[in-house]
Amino acid sequence: MPEAPSALDDLLGLLDLERIERDIFRGESRSAIVPRVFGGQVAAQALVAAGRTVPPDRLAHSLHAYFLVPGDPGAPIVYEVDRIRDGRSFTTRRVVAIQHGQPIFHLSASFQAYEDGLDHQAEMPAAPDPETLPTAEETLPRHLPEGVARRLVEARAAVDLRYAETPPWGSVGEPREPRSQVWFRTNGKLADDPLLHVVLATYVSDMTLLDSVLLAHGRGGWAVGDVVGASLDHAMWFHRPFRADEWLLYDQESPSSSAGRGLGQARIWTRDGRLAISVIQEGVVRVPR
């Protein structure tokens, strides 16, 4: 009998959109821990749609996105791509994700043909080796009810994601410095397509970026229900080549939270110290009434 597909195979299938017109694509939906589509899924699918209208020698270097309406996990999502510009060096695409006749998400992405240029970067922060850290399967049951822990493990099964320190839901009621580090990589090898690695990093980037907001206030987050929230906007810049199936350090911090919103900013590093990605996200973070 053939082997059952792995969680990574399922995720790759979710990101493999159906092309229904030259610049129109359709993707399936999947429920997140909360009863809506995971924001990282929509962002990743939109980037797939944009990338499939761009020459393969042009690599994604940035994206800017707004989450407009929570996605319905029971309905497919249609992605309409607008070919904004095809220049000599840069290509720009706009993507609108639509469900039930209304936009739920908007993405602008830019792609660039490779060129040499000035090169410098910040120094990679210190972090423990990922192999020394507990896996999600080991960490989650220590701090969360059995059912919640099981759903979180299942939702993240395609990715090996390891916290360098106790996660927010493990230190409820104990405010601390608004910084968080996680190592991540896919649970399996990926093809060599550069767009695929960028798409997988985009998917993972929405999982933990607002953790540092929660840490500042001793809140456990969506998993324990002491805050409610959702992503509002998300921006990424891809600086250097990387592989999402090799360890990446996600170094995150929150400089501010106010007015029911929290800001997270982060850098993603390869294990050998190259700055691969910069990320900024703002989200709704409210204390339930």
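**Close-up views of a predicted model**

Arg243 is found in the loop between strand 9 (228-238) and strand 10. This is a predicted model, in which local features need pLDDT of at least 70 and side-chain atom pairs count only at pLDDT 80 or more, while totals for chains, interfaces and linings use all residues. Residues are numbered from 1 along each chain as its sequence is written, and side-chain values use heavy atoms, with hydrogens and water left out.

View 1. Helices (H or I, at least four residues) and strands (E, at least two) are DSSP runs, numbered from the N terminus. With a relative accessible area of 22%, Arg243 is partly exposed; buried means under 20% relative accessible area, exposed over 50%, and partly exposed in between (1.4 Å probe, protein chains only). Leaving aside neighbours within four places in sequence, Arg243 is in contact with Lys189, Leu190, Ala191, Asp192, His197 and Leu248, where contact means heavy atoms within 4.5 Å. Ala276 is 33 residues from Arg243 along the chain, and their C-alpha atoms are separated by 9.6 Å.

**View 2. Helix 2 (residues 39-51) against helix 5 (residues 194-208).** Two packed helices are described by the angle between their axes and the distance between the axes. Here the axes come within 7 Å and cross at roughly 160°. That makes helix 2 roughly antiparallel to helix 5. Axes are lines fitted to C-alpha atoms, for helices over the stretch in contact, and angles run from 0 to 180 degrees between N-to-C directions. Angles under 35 degrees count as roughly parallel, over 145 as roughly antiparallel, 65 to 115 as roughly perpendicular and the rest as oblique. The crossing of helix 2 and helix 5 is right-handed; a crossing has this name if the near helix is turned clockwise from the far one by less than a right angle, and is left-handed if anticlockwise. On the side of helix 2, the contact is made by Gly39, Gly40, Gln41, Ala43, Ala44, Leu47, Val48 and Gly51. On the side of helix 5, Leu195, Val198, Val199, Thr202, Tyr203 and Asp206 take part. By class, the residues of this contact are eight nonpolar, five polar and one charged. Ala, Val, Leu, Ile, Met, Phe, Trp, Tyr, Cys and Pro count as nonpolar, Asp, Glu, Lys and Arg as charged, and the others, Gly among them, as polar.

**View 3. Ala44 in helix 2.** Ala44 is buried, with a relative accessible area of 0%. Not counting residues up to four places away in sequence, Ala44 touches Leu15, Val199, Thr202 and Tyr203. Ser171 is 127 residues from Ala44 in sequence and 30 Å from Ala44 in space, C-alpha to C-alpha.

**View 4. Helix 1 (residues 7-15) against helix 5.** The two axes come within 12 Å and cross at roughly 105°. Helix 1 and helix 5 are therefore roughly perpendicular to each other. In this contact Leu11, Leu12 and Leu15 of helix 1 meet Leu196, Val199, Leu200 and Tyr203 of helix 5. The residues divide into seven nonpolar, no polar and no charged.

**View 5. Two of the four aromatic pairs in the structure.** A pair of aromatic rings is described by the distance of the centres and the angle of the planes. Rings of Phe, Tyr and Trp (its six-membered ring) pair if their centres lie within 6.5 Å; planes under 30 degrees apart count as stacked, over 60 as edge-to-face and the rest as tilted. The ring centres of Phe38 and Tyr203 are 5.1 Å apart and the planes stand at 85°, so this pair is edge-to-face. Phe38 lies in the loop between strand 2 (24-27) and helix 2, and Tyr203 in helix 5, so the pair ties together parts that are 165 residues apart in sequence. Phe38 is buried at 17% relative accessible area, and Tyr203 is buried at 6%. Phe184 and Tyr250 also form an edge-to-face pair, 6.1 Å centre to centre with 70° between the planes. Phe184 is in strand 8 (residues 179-186) and Tyr250 in strand 10 (residues 248-258), 66 residues apart. Phe184 is buried, with a relative accessible area of 1%, and Tyr250 is buried, with 0%.

**View 6. Positive phi at His100 and Ala259.** Most residues other than glycine have a negative phi. His100 has a positive phi of about 50° and is found in the loop between strand 5 (90-99) and strand 6 (102-113). Ala259 has a positive phi of about 55° and sits in the loop between strand 10 and strand 11 (261-270). His100 is exposed, with a relative accessible area of 64%; Ala259 is exposed at 69%.
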